[in-house]
Amino acid sequence: MHDKEGIMIIFGCKHTATPILEEASGREARVHLPDFEYRELPCLGSLDPLMVLRALDEGARSVVAVGCFQGRCRHLTGSQRAKAALGHVGDVLEEVGLDRSMIGLVLGSPIDQRAMIEQLAKFATNDGGDVE
Amino acid sequence: MITGDRKPLEEIAAMVEGFERVLILGCGTCVTVCMAGGEREAEETALALRLRGRERGVSREIWYANVERQCDEEFLQEAVDHVARADVVVSLACGCGVQHMVTVFPDLIVYPGLNTTFMGVTEELGVWAERCLGCGDCVLERTGGVCPITRCSKSLLNGPCGGSADGACEVDKTIPCGWQLIIDRLEAIGQLQRLDEVLPPKDWSKSHSGGPRFRIREDVRGTDDVEEGAQ
Ligand code: SF4
Ligand code: SF4
């Protein structure tokens with residue numbers, strides 16, 4: 001099943017990413033970003049490595065998680081957990097000779113939507129995130 | 001529980017090279033708990049191998065399934081439809097599971113996806129530690145419930161070696177000296193006098209050194225013919 005061939009799949013925290021990527025301003029995001037599909041999470045802490053691998057298996061060219069920066073997460077450790085989950089996926093990708101820059105993490109604040117979209121656009125053009 | 005480490009994905013990929021239909025089979029008990037070979041790891045392995053194949057332009061069917069315990073035939077039978085479809089199975093169970101698979105399905109090619117490591121416990125979230133070597137003659141009642149065979153790197157039976165320092169093992173300073181643990185524990189439960197008892201040389205014939213071992217319960221194994229009348 002490769003029906004997401006070539007698109008970017010974004011997993012986002014409903015507090016930070018949904019207002020930017022799905023609601024009214026989502027239209028603006030689509031102007032600045034390549035074709036993407038948005039998948040909402042209650043918190044980035046619920047990002048499971050399998051979700052990311054499944055998204056790549058669906059054909060996504062890249063997967064990025066978008067949420068609140070550390071210290072602002074309503075569930076305290078969501079962004080750290082997401083970073084650990086993406087780190088694990090990156091290790092798995094490297095093990096099979098794939099580039100871990102297919103996945104990324106963008107953290108910010110919903111009150112600075114422009115900065116978030118800029119970071120996402122940067123990720124999309126570089127096809128690379130900051131996941132160690 | 002029995003623990004293991006998933007083999008490197010490239011090693012697994014090399015094993016299944018040339019097979020068209022590859023089943024990754026997880027085991028739902030020990031290796032699920034140590035997060036090495038359960039359903040999640042089976043799916044992860046299948047996804048990773050599929051992504052690898054796609055990157056290299058290799059098209060083959062790779063899927064995953066899971067059974068409760070691969071070391072029990074009744075559970076293995078639940079995988080029979082998956083097994084029938086597969087050219088090769090990569091088992092993510094411990095070595096017991098892999099060997100039982102080939103016994104139950106004698107025509108099947110089964111390769112190990114894990115390196116089985118030890119019998120142990122969950123020490124903390126994400127950390128598992130070795131606790132028992134299955135020596136066949138347990139002495140834990142003499143050593144405060146701390147195993148000298150497993151926790152002492154040299155399996156010493158009557159106190160620490162000369163290299164024990166500051167509670168650490170000389171083999172690896174990051175691990176505690178097993179005999180320090182035993183002494184601390186005996187002291188804590190008021191049984192330090194047990195150190196006066198000399199443990200005799202171990203009869204290793206009761207361990208794997210005496211050959212593969214069996215456990216048999218005749219009363220459960222089968223039923224004898226029973227004649228009419230008082231027995
Ligand atoms: S096959 Fe191995 S890992 Fe699975 S339940 Fe049996 S002993 Fe545990
Ligand atoms: S003494 Fe033997 S049976 Fe007991 S815990 Fe140690 S290795 Fe296992």
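Student: Between which strand and which helix of chain A is Ser109(A) found?

Tutor: This is a predicted model, in which local features need pLDDT of at least 70 and side-chain atom pairs count only at pLDDT 80 or more, while totals for chains, interfaces and linings use all residues. Residues are numbered from 1 along each chain as its sequence is written, chains are lettered from A and ligands numbered from 1 in the order in which they are written, and side-chain values use heavy atoms, with hydrogens and water left out.

Ser109(A) is found in the loop that joins strand E4 (103-108) to helix H5 (113-126) of chain A; helices (H or I, at least four residues) and strands (E, at least two) are DSSP runs, numbered from the N terminus. Its relative accessible area is 10%, so Ser109(A) is buried (under 20%; exposed is over 50% and partly exposed in between, with a 1.4 Å probe and protein chains only). Leaving aside neighbours within four places in sequence, Ser109(A) is in contact (heavy atoms within 4.5 Å) with Thr16(A), Phe69(A), Arg72(A) and Met116(A).

Glu130(B) lies in strand E7 (residues 127-132) of chain B and, at 35% relative accessibility, counts as partly exposed. Beyond four places in sequence, its contacts are Phe118(B), Met119(B), Gly120(B), Thr150(B) and Arg151(B). Arg151(B) is 21 residues from Glu130(B) along the chain, yet their C-alpha atoms are separated by 7.8 Å.

The two chains also meet each other. In all, 16 residues of chain A are in contact with 16 residues of chain B. There are five salt bridges between them (a side-chain nitrogen of Lys or Arg within 4 Å of a carboxyl oxygen of Asp or Glu). One of these joins the side chains of Arg54(B) and Asp57(A), at 2.9 Å from N to O. On the side of chain A that touches chain B, the elements giving two or more residues are helix H3 (49-57) and helix H4 (78-95) of chain A. H3(A) gives the most, with six residues. By class, this side has eight nonpolar, four polar and four charged residues (Ala, Val, Leu, Ile, Met, Phe, Trp, Tyr, Cys and Pro count as nonpolar, Asp, Glu, Lys and Arg as charged, and the others, Gly among them, as polar).
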